[in-house]
Amino acid sequence: MADDDIGWEKTRDSLQPLIKAPKLTEKLLRKPPFRFLHDIITNVIKATGYCEGLLTADEMDSNKVTERQMKVDVLQKVIDATQICLNNKLAVKPLKVISGLEPENTNAFLQAIAQAVSEKKDHPRAVAKVLARSEGKSDEKKKKKKKKLCVD
């Protein structure tokens, strides 16, 4: 894919009216590092209320989101909520994002967030669905862990 097809300008133009920080530079949007994405997501949440309550206090604190799995979990929650809001499947994959791969899909994801905010989509419903789903997954993990402990 050509460098100019990444869509960074459209991302900047759609997010800039929503947040004051971080600065949306070409360099960062061409290959967005996780910390930059996390700052965008948390600032959108704080400034607009989009998907408020989706992330835990620890997930909102970039200093605490350092482990690979936690980064994936944060991104997956926001991706899922955004897909529900827009009723549209996004091509972005959390592992590719944290690896710095497929910046065009990462930019499309950021644009989708801006679209969901500007179109005032029903994000409380999306948050409830995502949290219910992730709660179910964590209950399954606990059951499996407990079962494993009982077997050993």
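In this predicted model, the protein chain contains eight helices and zero strands. Read from the N terminus, its elements follow the order α-α-α-α-α-α-α-α.

Among contacts between residues at least 6 apart in sequence, 62% connect residues at least 24 apart. The protein chain has 152 residues, and 40% of them count as buried. Its accessible surface amounts to about 9200 Å², and carbon and sulfur atoms account for 50% of that area.

Against this background, the cysteine residues may be considered. How many disulfides does the model have? A disulfide requires a pair of cysteine sulfur atoms within 2.5 Å, and by this rule the count is zero. For Cys51, the closest cysteine sulfur is that of Cys85, at 5.1 Å, and this distance is too far for a bond.

Are Cys51 and Cys85 buried or exposed? The term buried applies under 20% relative accessible area. Cys51 has a relative accessibility of 2% and therefore counts as buried. Cys85, with a relative accessible area of 7%, is likewise buried. Thus the model places Cys51 and Cys85 among its buried residues, while the sulfur atoms of Cys51 and Cys85 remain 5.1 Å apart, too far for a bond.

How values were computed:
Residues numbered from 1 in each chain as written. Predicted model: local features only at pLDDT ≥ 70, side-chain atom pairs only at ≥ 80, totals over all residues. Heavy atoms only, no water. Buried < 20%, exposed > 50% of the residue type's maximum accessible area, 1.4 Å probe, protein only. Helix = DSSP H or I, 4+ residues; strand = E, 2+ residues; numbered from the N terminus. Contact = heavy atoms within 4.5 Å. Areas by Shrake-Rupley, 256 points an atom, 1.4 Å probe, with all protein chains shown as cover.
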